[in-house]
Amino acid sequence: MATLKSGSVFPARSRRLGRTLLASSLLAAVAVVTGDPVRLLGQTPEQRYGDWARPGFRPQEYEFRRNRIIDGLRATGGGLLLVPSSDGLTHGETFRQLEDFWYLTGLEVVQSMLVLDAERGLATLFMPQRDPRFENPGRRNDFPGRPLLDDYQLRGIGGADDYRDIAELEGFLRERLGSSPLLRVNAGSSGPVPNPVVPLIGSLDPTASLIRRLRDDYPEVEIVNAFDIIARLRMVKTPAEIMRMRRAAAATMAGIRAAAALVRPGVDERTLQGEFERACREAGSQSIPFTPIIKSGPNSLWPWRVLAAHYDRRNRALQDGDLVILDVGCEVNGYVSDVGRTFPANGTFTEIQREKLLVSTRAAEAIIAAVRPGVTLRELTEVAYDAIPDEEEPYMQTPSFFGHHIGLSSGDPALLDEPLAPGMVFTVEPWYYNHDIGVSVFVEEVVLVTEDGAEVLTVALPRDPDVLEALVP
């Protein structure tokens with residue numbers, strides 16, 4: 001049998017291995033006695049929800065929102081409203097919660113369901129015992145685990161009335177639906193709840209998937225759309241929400257100014273996009289709510305879906321005489337902004353470019369001047385048409401009052417015939433696409449309805465052609 005020479009490295013390794021095994025045994029024994037599994041060898045300490053999650057609003061604000069929704073359910077027939085969370089699946093992007101769930105709980109948990117019970121006046125949150133994103137038995141060192149259901153600090157954030165294991169949801173529904181066979185979901189728009197069909201190519205979105213599953217599991221139950229109830233509440237922003245939207249607007253304006261400072265012939269659209277995003281994040285934006293729409297010359301004449309149809313189409317180099325349009329936004333603490341401006345690539349609008357830009361800006365100004373509590377979005381559409389010369393109307397974007405509500409998204413829920421009320425925030429964006437002369441121009445403002453009119457949250461970024469020229473070096 002071979003023997004080891006004195007001073008060999010192997011005895012040292014053996015001693016270290018022995019010490020490691022001894023330490024492991026001792027830690028295992030401690031874990032058994034104390035019930036503390038995180039001290040096992042190769043297991044890093046658990047991460048708690050509160051270690052990283054940034055606080056949202058006060059629990060009282062979420063409770064107020066839920067109670068208002070329950071009031072709306074009671075006034076329209078009662079039932080149970082199901083509000084799903086995101087499934088948490090990712091291809092590397094940063095997690096963002098589904099909006100209604102986030103709005104009513106403030107939580108970034110996954111694979112969960114909020115149930116608002118109109119009959120009992122209760123909000124019950126069903127969620128997993130543990131966060132599946134933090135679990136990987138083969139990689140305990142870098143997947144530390146995260147408890148959810150039994151994390152009482154987490155429970156204090158959204159302040160629901162009861163918390164239960166997601167595995168209990170189906171039994172809960174069958175029990176409650178026996179006495180109150182009415183389910184509610186937010187179908188995403190007004191009208192009857194659709195009957196989703198699984199596409200041959202692609203997949204259902206979370207809401208459609210929920211509706212399909214409910215119809216399969218509870219064929220005898222009536223499923224009613226809760227969109228109008230939720231929209232009426234989300235359309236009116238609280239002071240705390242408006243504060244976040246002001247910050248998002250400020251970050252967006254900073255990004256536009258930074259990008260405009262790089263506008264010149266030879267610079268490509270993607271460079272401007274990168275500068276916009278850099279400046280937004282420098283101004284406090286955690287995320288970009290939609291891919292910035294930056295388009296120049298012939299690209300400016302087409303909507304983003306056309307431009308995005310090809311991998312490298314949205315990277316045109318600016319040329320002398322071009323117009324470059326920025327339709328962009330930032331997100332701050334979950335709330336977004338959506339702002340637009342048009343710049344001359346060489347720093348000077350031509351006479352025809354300036355004329356058409358004024359068609360857009362004057363329409364925007366007319367709409368903003370007409371904003372006040374009690375006016376409807378449909379009425380604002382008529383105001384816009386009155387401000388547009390008849391010969392220019394074929395070239396103007398026409399749907400929904402030339403704008404859209406914003407908040408947690410750049411397409412917040414809205415009801416066109418709902419009278420405006422203080423706290424509503426929406427954009428005014430009269431697009432102009434004239435393929436006949438090859439000119440497209442655009443301005444977009446963020447408008448807050450006040451007690452007696454409107455406040456433009458993006459007023460610090462002028463829309464006057466002379467000022468826009470001055471922003472280009």
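User: How many disulfides does a search of the whole structure find?
Analyst: The search finds 1 disulfide, counting a pair of cysteine sulfur atoms within 2.5 Å as one. This is a predicted model, where local features need pLDDT of at least 70, side-chain atom pairs count only at pLDDT 80 or more, and totals for chains, interfaces and linings use all residues. Residues are numbered from 1 along each chain as its sequence is written, and side-chain values use heavy atoms, with hydrogens and water left out.

User: OK, which cysteines form the disulfide?
Analyst: C280 and C330, with their sulfur atoms 2.0 Å apart. The pair ties together distant parts of the chain, 50 residues apart: C280 sits in helix 10, and C330 in the loop between strand 8 (323–328) and strand 9 (331–332). Helices (H or I, at least four residues) and strands (E, at least two) are DSSP runs, numbered from the N terminus.

User: At what angle do helix 9 and helix 10 pack?
Analyst: About 140 degrees, with the axes of helix 9 (residues 239–260) and helix 10 (residues 269–282) 8 Å apart. Axes are lines fitted to C-alpha atoms, for helices over the stretch in contact, and angles run from 0 to 180 degrees between N-to-C directions. The two helices are therefore oblique to each other; under 35 degrees would be roughly parallel, over 145 roughly antiparallel, 65 to 115 roughly perpendicular, and the rest is oblique.

User: Which residues make that contact?
Analyst: Helix 9 brings A251, T252, A254, G255, I256, A258 and A259, while helix 10 brings L272, E275, F276, R278, A279 and C280. Contact here means heavy atoms within 4.5 Å. By class you get 9 nonpolar, 2 polar and 2 charged. Ala, Val, Leu, Ile, Met, Phe, Trp, Tyr, Cys and Pro count as nonpolar, Asp, Glu, Lys and Arg as charged, and the others, Gly among them, as polar.

User: Last one: what's the mean pLDDT of the protein chain?
Analyst: The mean is 90, and 90% of the residues reach 70 or more; pLDDT is the predictor's confidence in each residue, from 0 to 100. Over residues 17–39 the pLDDT is below 50, and that stretch has 13 contacts beyond near neighbours in sequence. Where pLDDT is low, the predicted coordinates should not be read in detail.
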